Amino acid sequence: MANLAVILKKMGKSVTGCDIEEEFITDKLLKDNKIDWTVGFDQDNIPKDTDLIVYSAAHGGTNNPLIVEAIKNKVNVISQAQLLGELMNEFENKIAVCGCHGKTTTSSLLVYALNSLKQRPSYLVGVPFFSGHQGGDFQKKKYFVVEADEYGVNPPTDKTPKFNLLNPNYIIATNIDFDHPDVYEDIEETKEAFKKFFGDKKLIANIDDPNLVQCIDISKAITYGESEKADYQIINYKISEEETTFKIKNVGEFKISLFGKHNIFNATAVIVQLLELGFKTDEIKKALIGFTGAERRFEQVYFQNNIYLFDDYAHHPAEITATINAAKGRFKKRRIIVIFQPHTYSRTKNLLKEFGESLSLADICLILPIFASARENSKDFKVTSQDIVREIKDSLYKDGPYFGSTEQLIDRLNGILKQGDVVFTMGAGDVYKLKSELIKIINHKSQITNKSQILNLKLKIERNKNLNQFNTLKTNSV
């Protein structure tokens, strides 16, 4: 919604908004673009000359009191998804990036590359900022890139997949998974939604994803992956602490500042799309350089005295697995510590076993209470974060303690953190807000370590001094 507000402002519209009183990662984006908003959903917060009110599924959707009053007073009302679909029709090349995992990184990298290629695309992706760019922009009308969301327009009232309101020329599909149990019954219903979205559009698809392959016509799609059947086959990849290199058979070698096998796939999807748009391999190679990721996607928050702090939006077991494996691939000799905050009761309930399996990949995992969706009532669910802990301990014999408060968690981390560790805050809630407290611990550990080093050095000097005195005494005696 914030990125959409930025686009409309850049199109010359007068934009304001309403929200709850809570600090959020989009606040800086809105302030940077001089977009004001008010707290609360009272009708008086809306300017008298308002032409259009845009709503999302958050805070009640069409049941929000402000929307109810607007409809009663015959003010034009439209969903965010519908407005985005209408907006896209203004552009020549409309590229939608869909998938249950990886679409933010993929769409952000595509935008970054198009900007590097001097194309000045217009776009809307799922983060406030990425690699020096903001998450939404209105530039030229040749390209429009959008992160296509499979979530419902306004659950439970309207479960129409939001991407069904889009009409792209190209679709990049990264994968299909069961991620929204409050919208879809199961994976089969999820796949049907994607099939409908694909239709007869020009599709660039990950051939290595089994669910996705079941939903496409391989003979018509442009495919990428490690499979020998892929039109663009990924081969010979190498991941170090500094960079990732990989080859696409019969195309060339590429270098990115992203990590993990999943990001090699995301980057390949972008390369394929750019090749399909007519760009040359050598210019694409250069266009990828400098992209360090999207906000809250394997985002390096802090590094001090050999301790890393990262933040990641991973909230589904498949995403957790991908992020931890990427961290282990990049940092082969370091401990990976994950501070995880589950998001939504429905997702936790439906994927309990999978959460246990994915979190077991970390060397240490510390788990916070479930961060509920505004669309959920916690009283309707019996599941808790402790159930995830039990899955980890009972099934996989891993140490994954639950903490009812951030204070308890901070205290525990303070006792186990050591130099060389890699710490992740992980989840789609507000776990990222812990960063200031975690930085204090990291700095404190550094001070302790430095003091210990000084003490050890003093002891070593003292031992050497005593040894020299003993040797002198021994020589004189002889």
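**Close-up views of the predicted model**

View 1. Not counting residues up to four places away in sequence, T223 touches A205, I207, I218, K229, A230, D231 and Y232. This is a predicted model. T223 belongs to strand β13, residues 222–225. T223 has a relative accessibility of 1% and therefore counts as buried, the limit for that class being under 20%.

View 2. Leaving aside neighbours within four places in sequence, the contacts of Y232 include I222, T223, Y224 and G225. Y232 is also in contact with I248, V251, V272, L275 and E276. The C-alpha atom of Y232 is separated by 43 Å from that of P369, and the two residues are 137 apart along the chain.

**View 3. Helix α10 beside helix α12.** The axes of α10 (residues 317–330) and α12 (residues 352–359) come within 9 Å and cross at roughly 5 degrees. Angles under 35 degrees count as roughly parallel, so α10 is roughly parallel to α12. In this contact P317, I320, T321 and I324 of α10 meet E354, F355, S358 and L359 of α12. The residues of the contact divide into five nonpolar, two polar and one charged.

**View 4. The two sides of helix α3.** Helix α3 spans residues 65–72, and its buried residues are L66, I67 and A70. Seen down the axis of α3, these buried residues fall within an arc of 95 degrees, so they line one face of the helix. P65 and K72 are exposed on the other side of α3. The cover over the buried residues of α3 includes strands β1 (17–19), β3 (52–55) and β4 (76–79).

View 5. Helix α4 covers residues 80–88, and seven of its nine residues are buried, so α4 is largely enclosed by the rest of the structure. The buried residues of α4 are Q80, A81, L83, L84, G85, L87 and M88.

View 6. A disulfide is a covalent bond between the sulfur atoms of two cysteines. The structure holds zero disulfides. C215 is in no disulfide, and the nearest cysteine sulfur, that of C98, is 10 Å away; a disulfide requires cysteine sulfur atoms within 2.5 Å. C215 counts as buried at 10% relative accessibility. C18 is partly exposed, with a relative accessible area of 24%.

View 7. Most residues other than glycine have a negative phi, and most peptide bonds are trans. The peptide bond from P155 to P156 is cis, with omega near -5 degrees. P156 is placed in the loop between β9 (152–154) and β10 (158–161). S131, a residue other than glycine, has a positive phi near 45 degrees. The loop that holds S131 runs between β6 (122–130) and β7 (133–137). N250 is not a glycine either, and its phi is positive at about 65 degrees. N250 lies between β15 (244–248) and β16 (252–256), in the loop, and is exposed, with a relative accessible area of 78%.

Note on methods:
Residues numbered from 1 in each chain as written. Predicted model: local features only at pLDDT ≥ 70, side-chain atom pairs only at ≥ 80, totals over all residues. Heavy atoms only, no water. Axes fitted to C-alpha atoms, helices over the stretch in contact; angles between N-to-C directions. Helix = DSSP H or I, 4+ residues; strand = E, 2+ residues; numbered from the N terminus. Parallel < 35°, antiparallel > 145°, perpendicular 65-115°, else oblique. Contact = heavy atoms within 4.5 Å. Nonpolar A, V, L, I, M, F, W, Y, C, P; charged D, E, K, R; others polar. Buried < 20%, exposed > 50% of the residue type's maximum accessible area, 1.4 Å probe, protein only. Arc of directions from axis to C-beta.
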